[in-house]
Amino acid sequence: MQRLSSYRDFDWVLLAFVMVLSVISVLEIKSATLHTKFHGFDQKQIEFLAAGLVLMFLISMIDYHRLLDIVPWAYGISILSLLVVKVAGQKVLGARRWINLGGGVHFQPSEWVKLVLIIAVARYFWNLSGKELTWVDIGKAFALVGIPMVLVLTQPDLGTALTYFPVMVCGLFLGGIRLRQVGIILLALALVGGLAWKSGKRLKPYQQARINAFIDPDSDPKGSGYQIRQSLIAVGSGGIWGKGANKGTQTQGDFLPIPYTDFIFAAFCEEHGFVGALGVLLLYFLILMRLIQNAQTASDLPGAYIVMGIVAVIIFQIAVNVGMVVGLMPVTGIPLPLMSYGGSSIFFTFLAFGIVMNIRMRRFVN
Amino acid sequence: MELAPQYEEQVGANGKAEKLPANKLNAAQYLVALVLVVLSAGLWRLQVLGADNFRALAEANRVRKVPVLAPRGRLFDREGRLLVDNYPSVSCFLLREQVKDLNADLPLISQGLHIPEEQILAALRHYQSAPKYQPIPLKQDITPDEQAFIAAHTSELPELETLDEQRRLYPRDGFAAHLIGYVGEISEDDLNKPKYAFYQPGDVVGKSGVEETYDALLRGVDGSRDVIVNSHGKEIGHLGQTLAQPGQDLKLTIDLDVQMAAEKAMEGKTGAMVALDPHTGEILALVSRPTFDPNQFSVRVSKSYWNEIINNPDHPLLDKAIQAQLAPGSTFKIIMSYAGLQENAAQDMHVMCSGGASFYGHFFACDKRHGMVDIEHAIPWSCDTFYYTLANKLGIDTISKYATDLGLSQRTGVDLPDEVTGTMPSTAWKMKNFHEKWYAGEVISVGIGQGAVAVTPIQLARAIGGIASGGALRRPHLVFPDEVPAEELQAVHETFPGSGDKTVQLSTANWQLITDAMAQTTISGTAAPAHLEGIDFAGKTGTAQVVSHSAGMTSLGTGKERANAWFVGMAPRRNPDIVVAVLWEHGGWGAGSAPVAAQVINAFVEKQRKRANNLRIAETPTVTQTATAEPTPAPQKDTTN
């Protein structure tokens, strides 16, 4: 158990940035659900945030080395839970992603697996540190991340599955993959991807439609292009200063799809304009810089790996979500960390930050 | 990748590195910054460079124009009594853009709105070529229950929309139906006409009568509300509105009392009656029988009612006052007399009537042996022999010239749609239409208004009213010209060209002779049974054979073979304030129509009398004076010419 005095080393600045963003999130969720049946989600988000904070402090108390010790078990349980979801999961909107724990509580293992993977990958590359990465090492890393990824992909949940990918990339990068190896892998991926695209069997029709919509949002304005088109209109019509809180016509008029989860940034951009959006991106920048700084000051390599894994997942989610909202990326169901409504996403983020705090608090401890 | 040399010392005892190389972490920082800069650039592109464009798109997304229909102008009689009103009604429309799954929604819509599914599909097919955003009318005059159904199903059936409208409320039992007309949804054919260039499918327009003629004035200008809608098309607020400009109320020349008398007089008959003020051309009453219920058309006409109307052999939709073109029979003798007198051919003519006379080897019968007849007796007795002789004397082209001067074979230019011309034969007419020369003998039957002569009741009223007025013919009309903007009036006149206002030559002596003789008709002549005591009532009967001339003048036949009974009457005899033409189809003797006209004239005169009396009471309130308030009889003309 950690001594309370070490909370001097708790990253209060990071927490402050996180809380500012959380408040913005709650206000925007309130606005986006004002006239919908989801009215009141802002209250639930506050509850999630409170629970997230508790989880954050709880996990910061357990020495992350203990987490590294138990991660093989956690990994095993993760794979098992994903298999359970596949067999007994609750089917919602054609996808099995949740286990019903009863009492209205739904557990989405794929979010939890993300955290386990970050630690597992950190442990894996920590064990390999100081050595040259062989093709076998790289293969194992692919398997480590690939197995849960495939399981989640078949739920199907492309969005979450994709968030596992940066964990592996980050591990390989920090673990010392060589440029030549990267080149060969990219070539192989391009080849496989090309073949898959040609055969058209790897992607579900709706996923193909999303890609098409990304390439030309106006091609099917009522169908798959609808979301991205409405999102672009929301963001663009916000202008420099925005339409004002609770005054986004796209958001309030229910034109913008799911404006409290995946498209919350579009809703925010509409109501608070370019200036507001830059403010949020600046907050993300500060948070990420703060995280990387924590990686730099981590007392050991696995600590730094874990922090950088978290950074990788978060920047990836920001890039994909905001990129989608502004039309730079195809539509994938990836929530924006700290902004989107939802317990699973908040719990992951706060647990992740709790582990970062954990690592920071132990930087002077041996 | 090799570990950078500077970190080698950080490799711990277990041979593992303890620190991450700074260059990789720096690279991560730059990568994060780069990602955020790219995203910021994406935002800049949309929110700064594309803002105007996207703002316009956002507006178009959420603002919908909902039409606010202008209430149609009401119609009043000449004294401001309401003839046609509006009542509030709710219609249901289908927004095709909002339909998600028609197959799923169809049974529900059908059940809730009580419309057969087939009818909904038919409506969809009907509007197939119309733009998608245009609402399709599904049902008009929906019940409160149906409104509640739509309100309760906004989320399942976002495609249903209601619209508050003002509907036409017409008098009951087809009262004045032909002159007022009716309204209905504009037809596709109409939409292609230049007149309807600014109309849209689904618009309600006047389909006949005054409703059609003055549609542009009556309909007003529809307004609209700019409604903010959500993505389901549901109204969530509104921005502003353009107020509807209600249609103009119109005061008709109709006198409700006279119209009521006319409706009553024509009850149970087929035919038409038109009463007008020959001084001005103002139509005081206009009736056509059988009639129809315009209210049935106001809401979309039902198939059964339509079939009933269409299959009625007496053509209820036909306005016989302006669309029946029939032989005028003996009423034409007034026109003959006018021609004969103006030609100085009839004044001294004495004809021996022994029940007919022979012309060109044929015997032409008269209905009586009238003995020696001059024109002063020929008119009230309606002696055919006299007019055979006169016609023979004048020749067809002279008769035709005078008749045409009086407006026969031309439209009167009344402000009602679809007026017909009638026919007045002449040598040129026969050559043009039959490529045959005119045989002199053919003129004989024309002399008594048979043969090819065909007139409409309104033509006859105008022509004979014109003679009675000393030769001044007025364009008949239903709307006071000063009620209508000048350009609209001109447009109406251009749409309904006629012979217009004009004056024909008629000497005072001839004028007096004809009108006195017509007065005699109702005193001792053929219309004596219709004599109105105390009213200077003049007229002329007409019996027009339906089957053929050879069927014999005295054979009146039965049912559809019975002769058409005409009567043209007026009061007072000279410069009449009212002239009434009655056509009673298959009514038998023309004398039968005289009482019909007499009822209307009586109602009119009684009213004037009452008004005059009231006026005198107001001036000098003594009861005794009211008894003397009869119209002063016109000075009797010395009939010895």
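Buried means under 20% relative accessible area, exposed means over 50%, and partly exposed lies in between, with a 1.4 Å probe and protein chains only. This tour goes through a predicted model, in which local features need pLDDT of at least 70 and side-chain atom pairs count only at pLDDT 80 or more, while totals for chains, interfaces and linings use all residues. Residues are numbered from 1 along each chain as its sequence is written, chains are lettered from A and ligands numbered from 1 in the order in which they are written, and side-chain values use heavy atoms, with hydrogens and water left out.

**First stop: chain B against chain A**

Select both chains and look at where they meet: 41 residues of chain B are in contact with 60 residues of chain A, contact being heavy atoms within 4.5 Å. The two chains bury about 4100 Å² between them, 67% of it on carbon and sulfur atoms, where buried area is the accessible area (1.4 Å probe) that two parts lose on being put together, summed over both. Across this interface there are six residue pairs in polar contact, both residues at pLDDT 80 or more; a polar contact is a pair of N or O atoms within 3.5 Å, of which, within protein, one must be able to donate a hydrogen and the other to accept it, and residues adjacent in sequence count only if both atoms are side-chain atoms.

Now colour helix H1 (22–49) and helix H2 (51–62) of chain B, each of which supplies at least two residues of the side that touches chain A; helices (H or I, at least four residues) and strands (E, at least two) are DSSP runs, numbered from the N terminus. The largest share of that side, 20 residues, comes from H1(B).

**Second stop: B:Arg81 and its partner**

Select B:Arg81, which counts as partly exposed because its relative accessibility is 25%. Its side chain meets that of B:Asp255 in a salt bridge (3.4 Å, N to O), a salt bridge being a side-chain nitrogen of Lys or Arg within 4 Å of a carboxyl oxygen of Asp or Glu. B:Asp255 lies in the loop between strand E10 (250–251) and helix H10 (256–265) of chain B and B:Arg81 in the loop between E2 and E3, so the pair ties together parts that are 174 residues apart in sequence. With 5% relative accessibility, B:Asp255 counts as buried.

Next select B:Glu79, which forms a salt bridge with B:Arg611, the closest N and O atoms being 2.7 Å apart. B:Glu79 sits in the loop between strand E2 (75–76) and strand E3 (82–94) of chain B, whereas B:Arg611 is in helix H23 (residues 594–619), 532 residues apart. B:Glu79 is partly exposed at 36% relative accessibility, and B:Arg611 is partly exposed at 48%.

Move to B:Arg289 and B:Glu263, whose side chains meet in a salt bridge (2.6 Å, N to O). B:Arg289 lies in strand E12 (residues 282–289) and B:Glu263 in helix H10 of chain B, so the pair ties together parts that are 26 residues apart in sequence. Both residues are buried.

**Last stop: B:Gln347**

Finally, select B:Gln347 in the loop between helix H14 (332–342) and strand E13 (351–353) of chain B, a residue that counts as buried at 18% relative accessibility. Its side chain makes a polar contact with the side chain of B:Asn510 (3.4 Å).
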